[in-house]
Amino acid sequence: MLPLLRSSYCLTLLPDSVTLTQQRRAWPLARWQRGLAHAAAPIAKSEASIAAHALPDGTLDQDAMAAGPSPDRPTEQGYQPWHGALQAGLSQLKELPPGSQLTVVLSNQWLRYKLLPAMPPLQSHSASLAIARTWFIETYGEAAATWHIALEPLPQGDHQFACALDQALLTAIRAMATQAGCQLVSVQPAMMHLYNLLYRQLGRALCGLVQVEAGRIHLAMMRDGGWLGLSACASQAQDWPQQLLALLQRETLLLGDSVLPTGKLFVHLALPETHAAAWPAFERAVSDMGWKAVPVFPQVSSVSAMASPVQAWAGS
């Protein structure tokens, strides 16, 4: 099958769910008109006992999930917190046509993020990676020496986005795609996937990108295309509005802005639909703080040429 005619799919791996969607291909002349208007309905979704932190009987360990991301945390008998999600994902991928193109989006809880001082523009990529690895090792210890690190290629502003992934997880994803007969196009951190979908809408004003997952909330603050701050907090699903509001208040104070922000807060709720009932009250509370809350639906249709701030991990 010709590459342009191959079907493209997105597999999203989260602590408590695995979702497979087909990405509709937008032709270049029509892509600007479509934007984010059309959402792709999930082809398959699994939510049963595939938590990032699973107990031996397969049930969810809510306390462990709230403890935060830990790609370096020791596990019993070689079990990793993402094993269940990959097993569920493989069963879905086996139903796809052979040779299908695949993008895998990973939960923020299985990655480490850092904002580094922007590297000199003429510095070699290998030198920049070595400096980034030193920063990760200083923060997380020698475990970071074997992590796979990716850097924002063309940073805007004073900071450069960096993320790290357990090499064992990247190897397992490649093996999953090969076993399913899929062509792995890229592996994207969930925060970067959200940025890719929204970067044309972010504008120059202060804005925030939020992802609410089972057990964890991640918040990125941006202005004029540059990263200002990254933060996260533990979260119980039923209390996500209060926890997100507290995190947003703290980060706004840390930025030191003397006036209330008037930007947009893009929020992706990666939670069961029952928890979305709290949205109206959250929207009002955020408005009182000077923000405009915008819900985000990340299963988006088009396969575009958007430049990812972190290079795809599938290629090498």
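## Loops and packed helices

Visitor: Where does Q156 lie?
Guide: Q156 sits in the loop that runs between strand 6 and strand 7, and since you are just starting, please keep in mind that this is a predicted model.

Visitor: Is Q156 buried, exposed or partly exposed?
Guide: Its relative accessibility is 43%, so Q156 counts as partly exposed.

Visitor: And which residues is Q156 in contact with, leaving aside its neighbours within four places in sequence?
Guide: Once those neighbours are set aside, Q156 contacts D224, G225, G226 and W227. The C-alpha atoms of Q156 and R223 are separated by 9.7 Å, although the two residues are 67 residues apart along the chain.

Visitor: Where does D224 lie, then?
Guide: D224 belongs to the loop between strand 10 (216-223) and strand 11 (226-234). Its phi is positive, about 55 degrees, although D224 is not a glycine. D224 is also partly exposed, with a relative accessible area of 37%.

Visitor: What about helix 3, how many of its residues are buried?
Guide: Helix 3 (residues 83-93) has eleven residues and eight of them are buried, so this helix is largely enclosed by the rest of the structure. The buried ones are G84, A85, L86, A88, G89, L90, Q92 and L93.

Visitor: At what angle do helix 3 and helix 5 cross?
Guide: Their axes cross at roughly 20 degrees and come within 9 Å of each other, helix 5 being residues 167-180. Angles under 35 degrees count as roughly parallel, and helix 3 and helix 5 are therefore roughly parallel to each other. The crossing of helix 3 with helix 5 is right-handed.

Visitor: Which residues make that contact between helix 3 and helix 5?
Guide: From helix 3 there are L86, G89, L90 and L93, and from helix 5 there are L169, A172, I173, M176, Q179 and A180. Sorted by class, this contact of helix 3 with helix 5 has eight nonpolar and two polar residues, with no charged ones.

Visitor: And helix 7 with helix 8, how far apart are their axes?
Guide: The axes of helix 7 (residues 240-255) and helix 8 (residues 279-288) are 10 Å apart, and the two helices pack at an angle of about 20 degrees. That angle makes helix 7 roughly parallel to helix 8, and their crossing is right-handed.

Visitor: Which residues of helix 7 and helix 8 meet?
Guide: On the helix 7 side they are W240, P241, L244 and L245, and these meet W279, F282, A285 and V286 of helix 8. By class, the contact of helix 7 with helix 8 has eight nonpolar residues, and no polar or charged ones.

Visitor: Which residues of helix 8 are buried?
Guide: In helix 8, W279, F282 and V286 are buried. Around the axis they cover an arc of only 60 degrees, which means that they are on the same side of helix 8.

Visitor: Why would residues a few places apart point the same way?
Guide: An α-helix has 3.6 residues a turn, so residues three or four places apart point the same way.

Visitor: What covers the buried residues of helix 8, and which exposed residues are on the face turned away?
Guide: The cover includes helix 7, strand 12 (264-269) and strand 13 (292-295). The face of helix 8 turned away from its buried side carries the exposed residues R284 and D288.

Visitor: Last one: which residue with a positive phi follows helix 8?
Guide: Helix 8 is followed by G290, and the phi of G290 is positive, near 100 degrees.

Methods: Residues numbered from 1 in each chain as written. Predicted model: local features only at pLDDT ≥ 70, side-chain atom pairs only at ≥ 80, totals over all residues. Heavy atoms only, no water. Axes fitted to C-alpha atoms, helices over the stretch in contact; angles between N-to-C directions. Helix = DSSP H or I, 4+ residues; strand = E, 2+ residues; numbered from the N terminus. Parallel < 35°, antiparallel > 145°, perpendicular 65-115°, else oblique. Left-handed = near helix turned anticlockwise from the far one by under 90°. Contact = heavy atoms within 4.5 Å. Nonpolar A, V, L, I, M, F, W, Y, C, P; charged D, E, K, R; others polar. Buried < 20%, exposed > 50% of the residue type's maximum accessible area, 1.4 Å probe, protein only. Arc of directions from axis to C-beta.
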